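Hi,

Here is the structure I promised to send over. Have a look at it first, and then read on for what turned up.

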Amino acid sequence: MLEDFTSEKDISNIRIIPFDKNKIIAKREDPYGFWSISFERGSPPDWLKGLYTSFDKAYLDIRKYLHQRNSPVPERIVDI
């Protein structure tokens, strides 16, 4: 029986999470595929400026950031 694996190559390299009047941009960088977080306007706090091994791990910190700001976590993530 074959297992169903989701390849990171099948996922877009940029994800946008809208919040308030800004956007959080999670971007996968080559050559190693680490994810970084930036904002469309302004810069993220220092603790969000690291590199993440997967989008899921980056998204956990994005959710934590939004929770600290008392901003709702958007249901919609835009893949580019």
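Predicted model: local features only at pLDDT ≥ 70, side-chain atom pairs only at ≥ 80, totals over all residues.

Strands here are DSSP runs of E with at least two residues, helices are runs of H or I with at least four, and both are numbered from the N terminus. Two strands pair if DSSP finds at least two bridges between them.

β1 (residues 14–19) and β2 (residues 22–29) pair in the antiparallel sense over 6 bridges. I17 stands opposite I24 in β2.

Now the aromatics. Rings of Phe, Tyr and Trp (its six-membered ring) pair if their centres lie within 6.5 Å; planes under 30 degrees apart are stacked, over 60 edge-to-face, and the rest tilted. That rule gives 7 aromatic pairs. One of them is F19 with Y65: the centres are 6.1 Å apart and the planes at 90°, so this pair is edge-to-face. It joins distant parts of the chain, with F19 in strand β1 and Y65 in helix α1, 46 residues apart.

F19 counts as buried because its relative accessibility is 6%, and Y65 is buried too, at 10% (buried is under 20% relative accessible area, exposed over 50%, partly exposed in between, with a 1.4 Å probe and protein chains only). Y65 also pairs with W47: centres 6.5 Å apart and planes at 55°, so that pair is tilted. W47 is in the loop between β3 and α1, 18 residues from Y65, and at 35% it counts as partly exposed. Ring pairs link F19, F39, W47 and Y65 into a cluster.

Two charges sit over rings as well, meaning NZ of Lys or CZ of Arg within 6 Å of the ring centre and within 35 degrees of the ring normal. K64 lies over the face of W47, 5.1 Å from the ring centre. The charged end of R15 is over the ring of F55, 4.3 Å from its centre.

Some housekeeping: residues are numbered from 1 along each chain as its sequence is written, and side-chain values use heavy atoms, with hydrogens and water left out. Local features need pLDDT of at least 70 and side-chain atom pairs count only at pLDDT 80 or more, while totals for chains, interfaces and linings use all residues.

Cheers
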